[in-house]
Amino acid sequence: MRSSPHPRTVRRRGRHGLPALLLAAGVALTGCTDYRLEPPTEVLPQLEFPYDEAFAKARHEVPDSRPFSLGLRDSDAPAPVWYGRVVTPDGTVHEVRMDAVRGRVLGTSVPAGQSASAKARTAALTERARLLPSEAVGRVKEPYFGKVTQIELSEGRRKAVVWRITVAAIRQDDLRTYQVDAVTGEVLSVREGGPAARATVAPPSTALPTPPTVSPPEPPSGPPSTPAPYEPSP
């Protein structure tokens, strides 16, 4: 008696089942990472209070002020701190410290050493800027954009007013620094370098640490010994 062949089991695949299976198989064979299946890891996840909200709060703390600079200190710590600087119409710089996790204001101060000429230059610099920080950041956004860790208004080449923006990138896990013209919005330069995980921006009011001084070796206490003169044997 001839045995009947085993019945075939019909498996139905969804419309996207076969392409997804082939895509996964291709990734497994080539050993490459497909970011559609495995998205990149976010950097600085503890930074829940972003730069634009920090600037807004700093301006709220100092009425009738304009944004000047913002820097993130201890960015890899559990509780990083924003150091925001805003400028009043007379050119006085005010500094506002904020918790970068919950957005609480930690303190405000007026940095010392602001001469009349320095205030005049600062007031003129902020007066010439046409773009807000968020507008300047919008000019450098990319598909896999990271998080802003520093932004400051300064004078670039040919006395152009520029926003200098530092971004911790997500995919490359590094820092990118852009210079954006604060009047026209043109991206003037892009520079890459430095791992984002260890990025720490020193606040403007804090001096950079100086290396410890090494004392020279102390001279010997007694007079230097001189060798005895050579005397030939008889």
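Colleague: What do the side chains of Arg176 and Glu192 do?
Modeller: They meet in a salt bridge, at 3.6 Å from N to O. By salt bridge I mean a side-chain nitrogen of Lys or Arg within 4 Å of a carboxyl oxygen of Asp or Glu. Bear in mind that this is a predicted model, where local features need pLDDT of at least 70, side-chain atom pairs count only at pLDDT 80 or more, and totals for chains, interfaces and linings use all residues. Residues are numbered from 1 along each chain as its sequence is written, and side-chain values use heavy atoms, with hydrogens and water left out.

Colleague: Where do Arg176 and Glu192 lie?
Modeller: Arg176 is in strand 7 and Glu192 is in strand 8 (residues 187-195), so the pair ties together parts 16 residues apart in sequence. Strands here are DSSP runs of E with at least two residues, helices are runs of H or I with at least four, and both are numbered from the N terminus.

Colleague: Is Arg176 buried or exposed?
Modeller: Arg176 is buried, with a relative accessible area of 11%, while Glu192 counts as exposed at 52%. Buried means under 20% relative accessible area, exposed means over 50%, and partly exposed is in between (1.4 Å probe, protein chains only).

Colleague: How many salt bridges does the count come to?
Modeller: Six. One of them joins Asp99 and Arg104, with the closest N and O atoms 3.4 Å apart. Asp99 is buried at 6%, and Arg104 is partly exposed at 47%.

Colleague: What about Arg164 and Glu152?
Modeller: Those side chains meet in a salt bridge too, at 3.8 Å from N to O. Arg164 sits in strand 6 and Glu152 in strand 5, twelve residues apart. Arg164 is partly exposed at 28%, and Glu152 is partly exposed at 27%.

Colleague: OK, strands then. How do strand 5 and strand 6 run?
Modeller: Antiparallel, joined by eight bridges. Strands count as paired if DSSP finds at least two bridges between them. Glu155 stands opposite Val161 in strand 6. The two strands form a hairpin with five residues between them, and Arg158 in the turn has a positive phi of about 55°.

Colleague: Which bridges does strand 1 make with strand 5?
Modeller: Three bridges join strand 1 (residues 66-73) to strand 5 (residues 147-155), again antiparallel. Leu70 has Ile151 as its bridge partner, and Gly71 stands opposite Gln150. Strand 1 also pairs with strand 2 (residues 81-87) over seven bridges, in the antiparallel sense. There, Ser69 has Arg85 as its bridge partner.

Colleague: Why is strand 1 largely enclosed by the rest of the structure?
Modeller: Because six of its eight residues are buried.

Colleague: And which residues touch the most other members of the largest nonpolar core?
Modeller: Trp82 and Ile165, out of 39 residues in that core. Strand 6 gives the most to this core, with five residues. A nonpolar core is a set of buried Ala, Val, Leu, Ile, Met, Phe, Trp, Tyr and Cys residues joined through side-chain atoms within 4.5 Å.

Colleague: Last one, the big picture. How many helices and strands are there?
Modeller: Four helices and eight strands. From the N terminus on, they run α-α-β-β-β-β-α-α-β-β-β-β. Of the 234 residues, 35% count as buried.
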